[in-house]
Every structure is written in C-alpha cells, then in structure tokens.
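Let's take a friendly look at salt bridges. Have the sequence and the 3D view ready as you read.

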Amino acid sequence: MTEDRTMPDRRIRKIVIVGGGTAGWMAAAAFRHFLDPKVVDIALVESEDIGTIGVGEATLPAIRVFNAQLGIGEAEFLRETRGAFKLGIEFRDWGTRGNRFFHGFGDFGAKYKKVAAYQLWLMLQARGETSELEDYSIAAMAARLNRFAQPHPDQRSPLAAFSYAYHFDATLYAHYLRRFAETRGVKRTNARVVDVRLNGESGFIDSVVLDNGAVIEGDFFIDCSGFAGLLIEKALQTGFEDWSRWLPCNRAVAVPSAAAEPFAPYTRATARDAGWQWRIPLQHRTGNGYVYSSKYISDDEAAATLLKNLDGPALAEPRVLKFTTGMRKKFWIKNCVAVGLASGFMEPLESISIYLIQSGIARLINLFPDSGFSPVVIDRYNAQAAFEFERIRDFLILHYHATMRDDTPFWNYCRTMSIPEPLENNMRLFRDSGRFFREAEEMFAITSWVQVMIGQHVDPKRYHPAVDLIPLEE
Ligand SMILES: Cc1cc2nc3c(=O)[nH]c(=O)nc-3n(C[C@H](O)[C@H](O)[C@H](O)COP(=O)(O)OP(=O)(O)OC[C@H]3O[C@@H](n4cnc5c(N)ncnc54)[C@H](O)[C@@H]3O)c2cc1C
C-alpha cells in the first residue's frame, strides 16, 4: 500500500509510564527498544518516597526471551541482579502432609507414536511400576542433585528436553532496566502523582499532575503504579474482579536470610497451616515469604512460622504485604493500559506476575494503537489478557483445591470450595483417562498441568486407550 500523505498524522507521540517498579521499567525498556525514538517520546514518573513493592524474585523461562529481545546477555544479567538459575518448583506438603513433587520446566520424555510419554508412564504404573513421573524429567533430576547445565543445543538430545528461568533481585533488575532505558532516552521524573486530569469530552487522560507542580501530558498512559492502580482504577474506575473465594491468600510476610549451602537451583514452595512458604535462593541471600490468608492466621503467627523455618539467619525484620487476588475488569480503557500489579494479582505461587508484565508488553506492541484508539483493538487486548489471567488463575486454584489435606481449617476450605467450571471439567477428564488439552495460547503447557495433577493425587482411573495399541516390548 502506498502512503497516503493527505491522511492526518495519527501517530502516538508521547507515552507516559506511571510507576518505576519491575513493571514500569520493563515497559520503559521494551518500548524504548521497539519504538522509534525519533517518533515517540517516553516519560516515566516514579516516587522514591512511595518506593516499590520490593518482592518478585522468581520467574518463568519466558524472561529469557524478554532479555534476549532487548539484547541483554545472560552473564551480565546474572551479575547485575545477583541472579541464579531456576529449574522449577519443589512442592512440599501440598497434596498430603509429607508429600513432595517437582514442577520442572520441560518435558519428561518424547512422544512415542503420538502418545505422550506420561501416558506410557501411567500404563507402567497400572502394571505396578513404582517410579515417580519426575524420574523422567531432566530438570527435576538436576534439581534433586542441586546441579545445573544449559539445555543441550542439539534438539535430538534428551538433555535438550528442559528449560530454565531465573531467581533474581527484583530491585536490582529494575535498576538495571532503568539504566538501559535512560541511556536510550527515557526521561525519568522522581515525583508523586497527585492528580490525573481527564478530558472533559472524551474522558481520556490528558495529563498527570505532580506534587512539584509539574504537569506531564501524553497521548498514551501506562499505569504501572502497582496495587494503587492510580490511573486505571482511581482515575478511570475500571472495577476489579475479586477472586479471593478461590485464591484465599491475601497477605504475605517476607524476609531475606543468609545464603545457605548447598545452593539449590529451584524455588521451594512448602504448604503451611494457612498458606505456603517460598524459598528463593539468590547469589548473595535467600528470599523467603509466607503467603497466607488473614482469616486463618494472624500476622504475628505467620511471621513466627516463617522465622522458625529459614535455612539461615534472617537478615532483616519481616515485612507484611497485603493484597487481594483478582484482575481489573478492563486492562485497557480509553488511552490507558495497566501493566503489572496495577492490572491484577494472583499471588506468587508459580511465579507468574513478571511473566504477565512481559506478555502485557508484548501484546501491547502487537496491538499498538494510533491516536484513534480503535475499540476493536482495545477489545482484543482485553479479551486476550483476561483469557490469559483466567487460565493461570485456574492453574493456581488447582494447587489449592487438589489436596487431601483436612488437617487445618484453611486446607479444609480449599479442598471443599467450589471451583470454576472449566477447571472442574479439566480435572474430571484427567481423572477419567489422564487427558488434558492446552487451550489457545495459555501460558502453562500440558506438562505443567500434568505434573501438578499427578503430584497432588488427581489420579487418572486409566490411561489413554492408544497406549494399548503399542506392543509393550516397544
Ligand atoms: C508477596 C509477593 C510475592 C511476589 N513474588 C513474585 C515472584 O516470585 N515472581 C513474580 O513474577 N512476581 C512476584 N510478585 C509480583 C511482583 O512483585 C510484581 O509483579 C512486580 O514487582 C511488579 O510490580 P509493579 O511494578 O507492578 O508494582 P510496584 O513494584 O509496587 O511499583 C509501583 C511503582 O509505582 C510508583 N507509584 C505508586 N504510586 C505513585 C504515585 N502516586 N506517584 C508516583 N509514583 C507512584 C511506586 O513508587 C513504584 O515505583 C510478588 C508479589 C507479592 C505481593
């Protein structure tokens, strides 16, 4: 198509990002990298007085793609963020007390005659074999030995059949991305946003007003203000869909502890009486936290439980964080998109929040608007984001609901609560014959769902009938 020079210029000229946590600086770095600085200005406002949430240290393998796209090398990234490798998550005491399983990144064997390897494993179990599914996972086996290596570059090698992510210091990552973005022209202001001015006719955001009296105008506003939801909620009143009936944890108490030996290349998630505890090893310290429901335990009791269960001495006072699980009814409204905690939060189990920041940014680049802000584009963004949130939500609910634990009121609630229908249907099919289907572009692969279901005793009554068509000797 030839360019029509009589068309009005509808290009977005100025993006304003409110917030300088992981979300704000990831957005600033990515937009600066992908959008031509000769056309689009990017301004970021953050308040050092308010600060950032200061947690969020475990990731999914997708973070490697984000870094690679920005040209950030792995060695430099790990050095700057005191990062470490993560092969998956070890779950302790979830399905039953004393139970453990590993959710590793990657597969546990190749398909054989189009049948998934775990189906062959189910058949062997039915014949009395006693191996664990994770015995066939390279990631789980390496984690068990506290070892790590890069996946083999030759895809035909069994040692290529896994992936990995990172643990890192989120504050250092934000600082690193800030340097990245500022060197490339992002203009940062340290001030508190005290007002958001809306256009009298369209209701679009015209500008944000700062506590130093300055006014920052823009065409497109990215709300990265964290739980405050300064633009998306306080100014534009989008509404929030509350999921606490399914994801009942609403607080976390966090504390760093001294780095411990042996060094573990994985996250540990241990179920506790009213929630669960994370352990995230970094180079220079270990991150710890107890995620809990305030209905079932007090802050003091939760902090005492956490401090009693550390691998090394605590390095600070425990800090309590409050949240409500759920998502905004709209992620994008008018000329404002929420990214990060401003868009919703589903608690840290399975480390999905930073991934959701990344996928929000990628989606935004794919659906980047012009100043017309087409409702068709906005609707598609919102539909894709809601789908992604809901499927991840169901994966998280699975962890809580698929339990035999009835030893505390919290676990009894989770075990007996009603769950969303799609999850109910997926668990029913899996129990029937071990089958599971990944829908559209949902985040977690079949192998992830299967590891958690098997790990938490959602035991299939039988395996896929196609397995019986394969001679046993094969
Ligand atoms: C207990 C807990 C554990 C977590 N663990 C993980 C994990 O392991 N893995 C993972 O992926 N995610 C995790 N997360 C989520 C993760 O912390 C966030 O997704 C990530 O840090 C991004 O946060 P954010 O940038 O959206 O918000 P924040 O870090 O809160 O940043 C908000 C920014 O907005 C600014 N701001 C707010 N109000 C104003 C104002 N009025 N004026 C100017 N600036 C303002 C603040 O100063 C700050 O810069 C966890 C979250 C919690 C609560």
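## Ground rules

This is a predicted model, where local features need pLDDT of at least 70 and side-chain atom pairs count only at pLDDT 80 or more, while totals for chains, interfaces and linings use all residues. Residues are numbered from 1 along each chain as its sequence is written, and side-chain values use heavy atoms, with hydrogens and water left out.

A salt bridge here is a side-chain nitrogen of Lys or Arg within 4 Å of a carboxyl oxygen of Asp or Glu. By that rule, the count is 30.

## Strand to strand

Lys-187 pairs up with Asp-41, with the closest N and O atoms 3.9 Å apart. Lys-187 is in strand 7 and Asp-41 in strand 2, 146 residues apart. (Helices, H or I with at least four residues, and strands, E with at least two, are DSSP runs numbered from the N terminus.)

Asp-41 is partly exposed, at 36% relative accessible area. The cut-offs: buried is under 20%, exposed is over 50%, and partly exposed is in between, using a 1.4 Å probe and protein chains only.

## Strand to helix

Next up, Arg-328 and Glu-233 form a salt bridge with a closest N and O distance of 2.9 Å. Arg-328 lies in strand 18 and Glu-233 in helix 7, so the pair ties together parts 95 residues apart in sequence. Arg-328 is buried at 6%, whereas Glu-233 is partly exposed at 21%.

## A buried pair and a network

Glu-442 meets Arg-391 with 2.5 Å between the closest N and O atoms. Glu-442 is buried at 2%, and Arg-391 is buried too, at 5%.

Salt bridges can also join up: Glu-90, Arg-92, Arg-100, Glu-134, Asp-135, Arg-144 and Arg-268 are linked in a network.
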